[in-house]
Amino acid sequence: MATGEAGPGAARGESRPGRRLEETLRARLGRECVYVPSCRLGLYAALRHWCAPGGRVLMSPVNDDVILFVVLAAGLRPVQAPLRARDGSIDVDAVPEETWGTLSAVLTTNLYGNPDPAPALRARCDAAGIPLLEDAAHALGSEVGGRPVGAWGDAAVFSLSKHVGAKAGGFLAVADPARRAALERACEDLLAPPSTRAELAYALRPHAEAAVRALGLRRAAWATLRLLGLTEREGIRMPLRPAELARAADAAPDLTAYDSWVRVDLHDYRLRGGRLRLGRVARHLDRLDEVLERCRQGTELLLATPWAPPPDPGRRPAGGGVQPLFRVPLLVEDRDAARRALDRRGLPVGYLYDPPLDDYAGPGFTDPSPAPGAARWFARHALPVDPLRARRVLRVLDECGARPARAPEGPGPSGG
């Protein structure tokens, strides 16, 4: 099937923007792509396609909790990997040798756009005969080993809510074109019908957010939502609800059984896109290269500061320069104090993943990392900064006297 001839919803007359979006990403990656309403839906489809229920998936413990629940919804057991303290990427050499023979797949994170060691992971997956799946939600535009992130795995999922800023949409990219049709059908079967109400809310959301920013009401708006019980997170992690989660396992694999966890922060994650939504996503995607260049400039500025992680020449793009990071994880001694200072100045910090997933979920729902110290250290000190706001953030960090945190040498501390 040629890209652009069909896609999820094509038989129902889906608008042309959906097909054009697939063609745009295919040109960037050199791979067949299926448009999906969210990265998490594409990941679920990929996990179900490549992994039999009961399998084990190696993943990063410094990751969105939604991803943990997607893995569980696919009927799989998350296995938390050891990380490098300097950047939160998977430490391939620290994964116990005996673990490789028990895995059904490896799932990368490419946290904040910093690439995981895909060439090394690809080699280990090939040796074990298991698929490499790349979560490239943060890494549209990053590269490793001379290839784009997303071009190493058997499949990769991308989000258009991050660099693209469309607040909707994603892609499932596949290495083997022969698998595209089956994955396309699987995604199609998972979609919910279009909703006029949801489309209207999507259309009005940018205007409402702009009004809140212009009137300086961001903090008041969040306080009102919390008071009305309309927020799903009180802290960084959503409530685990372990008793309910254990009952959901009886139905797995089943996305619906885990919907109350998987939908957090994005209730439209299964919604079939209408013309308005797809059109806006396409317009945002057309500006991607401009955004990536601005991200590179902001990233370069942030990486020159005292809070920057230690440089790693092996993770730089092949042509030199820096990755166009979605967020730059500055390492701050008192991260939470710096976060409060930024919030007071109207610069809220998101995309925090603390505590690591093995500490959050416990052994009842995941295999813990064999060396958790580096992940705990990174999660506690990482301050993810939007490179597009680099100068404003740096002024606040200077004013509040934020001190750099120095990454531990070697594999990192073993305790919390």
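Modeller: Start at arginine 241, which counts as partly exposed because its relative accessibility is 27%. Keep in mind that this is a predicted model. Arginine 241 sits in the loop between helix 8 (218-227) and helix 9. Its backbone deserves a look. Most residues other than glycine have a negative phi. Arginine 241 is not a glycine, yet its phi is positive, at about 50°. Aspartate 265 is another residue other than glycine with a positive phi, near 75°. You will find aspartate 265 in the loop between helix 10 and helix 11 (275-286).

Stay with the backbone for a moment. Most peptide bonds are trans. Alanine 252 and proline 253, however, are joined by a cis peptide bond, with omega about 0°. Proline 253 belongs to the loop between helix 9 (242-248) and helix 10 (259-262). Aspartate 354 and proline 355 are also joined by a cis peptide bond, and there omega is about 5°. Proline 355 is placed in the loop between helix 13 and helix 14 (357-361).

Serine 60 counts as buried because its relative accessibility is 1%; the cut-off for buried is under 20%. Serine 60 lies in the loop that links strand 2 (56-59) to helix 3 (65-73). Its side chain comes to 3.1 Å from the backbone nitrogen of valine 62. Leaving aside residues up to four places away in sequence, serine 60 touches Gln80, Leu83, Gly88, Leu107, Thr109 and Leu357.

Follow the chain into helix 3. How are two packed helices described? By the angle between their axes and the distance between the axes. For helix 2 (residues 39-50) and helix 3, the angle is about 35° and the axes are 9 Å apart. The crossing of helix 2 and helix 3 is right-handed. Helix 2 brings Arg40, Leu43, Tyr44 and Leu47 to the contact, and helix 3 brings Val66, Ile67, Val70, Val71 and Ala73. Of these contact residues, eight are nonpolar, none is polar and one is charged.

Look along the strand 1 side. Strands of a sheet pair through backbone hydrogen bonds, either parallel or antiparallel. Strand 1 and strand 9 run antiparallel and are joined by five bridges. Glutamate 32 has valine 174 of strand 9 as its bridge partner. Strand 9 (residues 170-174) is also joined by five bridges to strand 8 (residues 155-159), again antiparallel. Here serine 159 is partnered by glycine 170 of strand 9.

Is strand 1 buried or exposed? Five of its five residues are buried, so the rest of the structure largely encloses strand 1. Glu32, Val34 and Val36 point one way, while Cys33 and Tyr35 point the other way.

Move along to strand 5. Leucine 133 is part of strand 5. Leucine 133 counts as buried, because its relative accessibility is 2%. Beyond residues up to four places away in sequence, leucine 133 touches Leu47, Trp50, Ala105, Val106, Leu107, Thr108 and Ala155. Leucine 133 and glycine 153 are 20 residues apart in sequence, but their C-alpha atoms are 5.1 Å apart.

End with helix 15 (residues 373-381). Seven of its nine residues are buried, so helix 15 is largely enclosed by the rest of the structure. Gly373, Ala374, Ala375, Trp377, Phe378, Ala379 and His381 are the buried ones. Their cover includes strand 10 (328-331), helix 13 (335-344) and strand 11 (382-385).

Note on methods. Residues are numbered from 1 along each chain as its sequence is written. This is a predicted model: local features need pLDDT of at least 70, side-chain atom pairs count only at pLDDT 80 or more; totals for chains, interfaces and linings use all residues. Side-chain values use heavy atoms; hydrogens and water are left out. Helices (H or I, at least four residues) and strands (E, at least two) are DSSP runs, numbered from the N terminus. Buried means under 20% relative accessible area, exposed over 50%, partly exposed in between (1.4 Å probe, protein chains only). A polar contact is a pair of N or O atoms within 3.5 Å; within protein, one must be able to donate a hydrogen and the other to accept it, and residues adjacent in sequence count only if both atoms are side-chain atoms. Contact means heavy atoms within 4.5 Å. Axes are lines fitted to C-alpha atoms, for helices over the stretch in contact, and angles run from 0 to 180 degrees between N-to-C directions. A crossing is left-handed if the near helix is turned anticlockwise from the far one by less than a right angle, and right-handed if clockwise. Ala, Val, Leu, Ile, Met, Phe, Trp, Tyr, Cys and Pro count as nonpolar, Asp, Glu, Lys and Arg as charged, and the others, Gly among them, as polar. Two strands pair if DSSP finds at least two bridges between them.
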